[in-house]
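Hi,

Here is the structure I said I'd pass on.

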Amino acid sequence: MNRDNFFVELPKEPVYNFKVDKDGYVLFWEVASRFFKENIPDAFRFLKGYGDKSDLGEGLRIKIDSLKTLHDIRIHQDDIGEFLERYRKNLMTQKKNPDN
């Protein structure tokens with residue numbers, strides 16, 4: 001599988017302009033749909049380490065109101081950049097070691 005087209009490059013100075021709730025959280029769906037292109041389901045699996053995916057959300061502020069829909073998951077606005085960087089590093093590791 002070619003993962004080169006799955007992730008949008010991060011801006012040098014992150015300006016996200018997401019709608020933020022009163023506690024500073026953003027719908028993860030908005031983050032995933034902006035940065036992960038057609039690979040949105042993988043973004044959710046990596047957020048909490050579901051299936052065979054690494055838990056890239058460990059230590060980040062994540063709220064899961066329910067798992068009825070993917071729209072119930074939120075990430076703190078200050079943790080978006082860290083999650084995206086972890087995901088980028090994970091992709092780079094997979095490219096170097098495609099059998100893992």
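Helices α1 (residues 28-35) and α2 (residues 40-48) have axes that come within 9 Å and cross at roughly 130 degrees. That makes α1 oblique to α2, oblique being what is left once under 35 degrees is called roughly parallel, over 145 roughly antiparallel and 65 to 115 roughly perpendicular. On the α1 side, F28, W29, A32 and S33 make the contact, and on the α2 side I40, A43, F44 and L47 (contact: heavy atoms within 4.5 Å). Those residues divide into seven nonpolar, one polar and no charged.

A word on the source: this is a predicted model, where local features need pLDDT of at least 70 and side-chain atom pairs count only at 80 or more, while totals for chains, interfaces and linings use all residues. Residues are numbered from 1 along each chain as its sequence is written, and side-chain values use heavy atoms, with hydrogens and water left out.

Now the rings. Phe, Tyr and Trp rings (for Trp, the six-membered one) pair if their centres lie within 6.5 Å; planes under 30 degrees apart are stacked, over 60 edge-to-face, the rest tilted. The count comes to four aromatic pairs. F28 and F44 have ring centres 5.0 Å apart and planes at 80 degrees, so they are edge-to-face. W29 and F44, with centres 6.1 Å apart and planes at 25 degrees, are stacked. Ring pairs link F28, W29, F44 and F83 into a cluster.

F44 is buried at 6% relative accessible area, whereas W29 is partly exposed at 29% (buried is under 20%, exposed over 50%, partly exposed in between, using a 1.4 Å probe and protein chains only).

Cheers

Definitions and conventions. Axes are lines fitted to C-alpha atoms, for helices over the stretch in contact, and angles run from 0 to 180 degrees between N-to-C directions. Helices (H or I, at least four residues) and strands (E, at least two) are DSSP runs, numbered from the N terminus. Ala, Val, Leu, Ile, Met, Phe, Trp, Tyr, Cys and Pro count as nonpolar, Asp, Glu, Lys and Arg as charged, and the others, Gly among them, as polar.
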